[in-house]
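Morning, everyone. Please take a look at the structure on the screen. I'll keep this short.

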Number of protein chains: 2
Amino acid sequence: MEVDAATIMNTLGRQARAAAKAMRMANTRSKDEALVLAAAVMRREMNEILAANALDMKAADENGLDDAMKDRLMLNGDRIEAMADGLEQIAALPDPVGAIDGLRYRPSGIQVGHMRVPLGVIGIIYESRPNVTADAAGLCLKSGNAVILRGGSEAIHSNRAIAACLRRALVDKGLSQDAVQLVDSTDRALVGALLKSEQYVDVIIPRGGKSLIERVSAESRVPVIKHLDGICHVYIDAAANSEMALKIAVNAKTHRYGVCNAMETLLIHCDVAVEVVQVIVQAMLDKGVEVRGCDVTRQRCNGMDVKLASEEDWATEYLAPVLSVRIVDSLDAAVDHIATYSSDHTETIVTEDYEAGSRFLREVDSSSVMWNASTRFADGFEYGLGAEIGISTDRLHVRGPVGLEGLTTQKWIVYGHGEVRG
Amino acid sequence: MEVDAATIMNTLGRQARAAAKAMRMANTRSKDEALVLAAAVMRREMNEILAANALDMKAADENGLDDAMKDRLMLNGDRIEAMADGLEQIAALPDPVGAIDGLRYRPSGIQVGHMRVPLGVIGIIYESRPNVTADAAGLCLKSGNAVILRGGSEAIHSNRAIAACLRRALVDKGLSQDAVQLVDSTDRALVGALLKSEQYVDVIIPRGGKSLIERVSAESRVPVIKHLDGICHVYIDAAANSEMALKIAVNAKTHRYGVCNAMETLLIHCDVAVEVVQVIVQAMLDKGVEVRGCDVTRQRCNGMDVKLASEEDWATEYLAPVLSVRIVDSLDAAVDHIATYSSDHTETIVTEDYEAGSRFLREVDSSSVMWNASTRFADGFEYGLGAEIGISTDRLHVRGPVGLEGLTTQKWIVYGHGEVRG
């Protein structure tokens, strides 16, 4: 079986390499027209996509998938329309490929700068949401890459139908359909083979739960762009505006619970008035959030329903209406707590103090660091990337929300006039 | 033994992490003063460094190292002075850390941008040249990183003496001496342990021969910044200025033979006049370069000493006075040859034709692509980086000559005024 998986993946990989070479040189208009056409095909073929999805939903019932999984898997007219919209939005974004910057003359006479170029072949490994098929392929195409998609086996019929729309549009616009390839099998050995395809694949982007990301990180010979956890912190400084602190803390925790940029731990400077702490904790309780505090927090919230936080709480991404709260003695203690427990995703300080805010921005080493704003803004759309293929908490290549630019790299270009060295 | 290596490396790793945290926040003046002081200490301790080097040279004699290796290993007053100079030059470069760019307002009211930050802990694995100890440590310190140095066992005494100068300067300027740590053992298992230290090391940069780089790439669990080969091409287009073509080809091949940015293969468009081909080939022969040509090249150089190139020649980095020459039918054929055989290091086109030059710059996918300039310019100093820690032919993070910026990453920063989402 392992041999078969490797053979299948080699074929996909060779085809992807050839397609990547062509996509790299495809002009902006062809790429944009193919994306707009793919959206149109998707709308036209809505019934076929829904029929394919019905097969997946039927299998999901038979296999006893839970309601949350079935909701992620389920397509309807609105969701297909949203995918088509997404492709049109990607088409409308500026093309990152070929952009030249930093050109400057050197004493030798040569002019040196950078040209932005596609990464090459991108592997996407994802779970049940079929919309990733369209979103990820759209971003990869726009940025001039070829993509190998490996979706969850529970979504195979839906993914096949969606990928077919994209491939049809590519061919129609004179581009290679192999720029979008779906691993059309549910054999799990194929994931392993994809992770070993360093010859054909330039980067793997896993999208899904923590166990998927951990497996991909541990096994992959191909570089991975990923984030594992989103243990995000809000720190309310001694010099915080208390109304703003309340508003940001409530938004960061309760706007949506299951997202990676939601707050999981609230840090509060010990000089913040007891009444302010109580108002914030009460607001959380009123929203139905379970609050787990340190000893000091519980003292200050005497009579309120605050459970005792354990060491484990500081290191937990709840993704649920649960919040840990810790009172700290200083900005240094807040920065230390974050350095120890943060997943390097997003942290924010609430303060009116210039020194505290500047220090927090500099000293906290996460992929997004904010001052007087909700952690919920850590998002490709909110940052102006237009779209997002994921969030990286890695240090190399790209950090934070990853848009089209993160799917490209740069090469040096030199304009000369016959200069030689010597 | 393996257990011991892991234990030693964990200690070094923990110390490096702690030092990296401090270095990340060190101000520009402390870092620059430490670098300048390290240069002064190195000059003051010149006799001690020379004595240490004498031990290495004695062992080299006993172990029968060849003259080329001994030359790389040998230190004298000039070479120590050059290392000290290098540290002062690094001190004089602008500090990349903390630079903020791209700040822009978003419709939500938040202001979003990037802040440049150090990578963290950098592992350098290198061979016999002791100057790498000073150069690499200097670049890592300036960019706010901690470094773990693993030099060749044949240079252990020299490396120890040089690292001691750097560590003394760090302490004197109130910085952590553990920002520069030398793996002070010749046990080869330590290289393996370093390559598995993903918990403590953010990136490995190998400097040395191809077999070292291959081993590091194959074994490392830590991301690697590297290049394997430098199979660089010069393509003389039909519309080349023939004098310029001669000058660039000769410089690219003969300025220095053993360097990665030297030309290994010369591609010539079939419409280039036979006399021009002959003049170029004769110039190479006059310089003592062995020329290996395709059939057409040999026909056009009838009567000249041109050997027949084999398939293997196109894929060989000679690093020697040997050149392969191929006549191609078109720009497309040149681009295809490069795509097939290039090591993605550096390629140049010689042409006065706008269309040909623009297409070459866009279509060739190497880390440096040039127009009318010698491949020898692919170098951190020539590009204006001030110094270079290596050259990357990888696609992720950094490509081409790597200077201070390549040793850093970016985090997103957000300035808000109480904005929340929703």
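This is a predicted model: local features need pLDDT of at least 70, side-chain atom pairs count only at pLDDT 80 or more; totals for chains, interfaces and linings use all residues.

Now, the two helices. Helix 2 covers residues 28–44 of chain A, and helix 7 of chain A covers residues 156–172. Their axes come within 8 Å and cross at roughly 135°. Angles over 145 degrees would count as roughly antiparallel, and 65 to 115 as roughly perpendicular. The crossing is right-handed.

Who touches whom? From helix 2 of chain A come A:Ala34, A:Leu37, A:Ala38, A:Val41, A:Met42 and A:Arg44. They meet A:Ile162, A:Cys165, A:Leu166, A:Arg168, A:Ala169, A:Leu170 and A:Asp172 in helix 7 of chain A. Sort the residues of that contact by class: 10 are nonpolar, none polar and three charged.

Next pair, still in chain A. Helix 14 spans residues 331–341 of chain A, and helix 15 of chain A spans residues 354–363. Here the axes come within 11 Å and cross at roughly 20°. Angles under 35 degrees count as roughly parallel. So helix 14 of chain A is roughly parallel to helix 15 of chain A. This crossing is right-handed too. Helix 14 of chain A brings A:Leu331, A:Asp332, A:Val335 and A:Ile338 to the contact. Helix 15 of chain A brings A:Ala356, A:Arg359, A:Phe360 and A:Glu363. By class, that gives five nonpolar residues, no polar ones and three charged.

Helix 3 of chain B, residues 46–62, packs with helix 5 of chain B, residues 77–92. The angle is about 120°, and the axes are 11 Å apart. That makes helix 3 of chain B oblique to helix 5 of chain B. Again, the crossing is right-handed. The contact residues are B:Met46, B:Ile49 and B:Leu50 of helix 3 of chain B, plus B:Gly77, B:Ile80 and B:Glu81 of helix 5 of chain B. Four are nonpolar, one is polar and one is charged.

Now step back to the two chains. What rotation superposes chain A on chain B? It is 180°, with 0.0 Å of shift along the axis, and the RMSD is 0.0 Å. That is the relation of a two-fold axis. Which residue of chain A comes closest to the rotation axis? A:His397 does, with its C-alpha at 1.8 Å. The same surface serves both copies: 100% of the contact residues of chain A recur in chain B.

Last, the annotation. An unreviewed UniProt entry lists residues 14–284 of chain A as "domain: Aldehyde dehydrogenase". In the model, that span is 51% helix and 17% strand.

Key
Residues are numbered from 1 along each chain as its sequence is written. Chains are lettered from A and ligands numbered from 1 in the order in which they are written. Side-chain values use heavy atoms; hydrogens and water are left out. UniProt positions are given in the numbering used here, feature names are shortened, and annotations may be inferred rather than shown by experiment. Helices (H or I, at least four residues) and strands (E, at least two) are DSSP runs, numbered from the N terminus. Copies are superposed by least squares on the C-alpha atoms of residues with pLDDT of at least 70 in both. Contact means heavy atoms within 4.5 Å. Axes are lines fitted to C-alpha atoms, for helices over the stretch in contact, and angles run from 0 to 180 degrees between N-to-C directions. A crossing is left-handed if the near helix is turned anticlockwise from the far one by less than a right angle, and right-handed if clockwise. Ala, Val, Leu, Ile, Met, Phe, Trp, Tyr, Cys and Pro count as nonpolar, Asp, Glu, Lys and Arg as charged, and the others, Gly among them, as polar.
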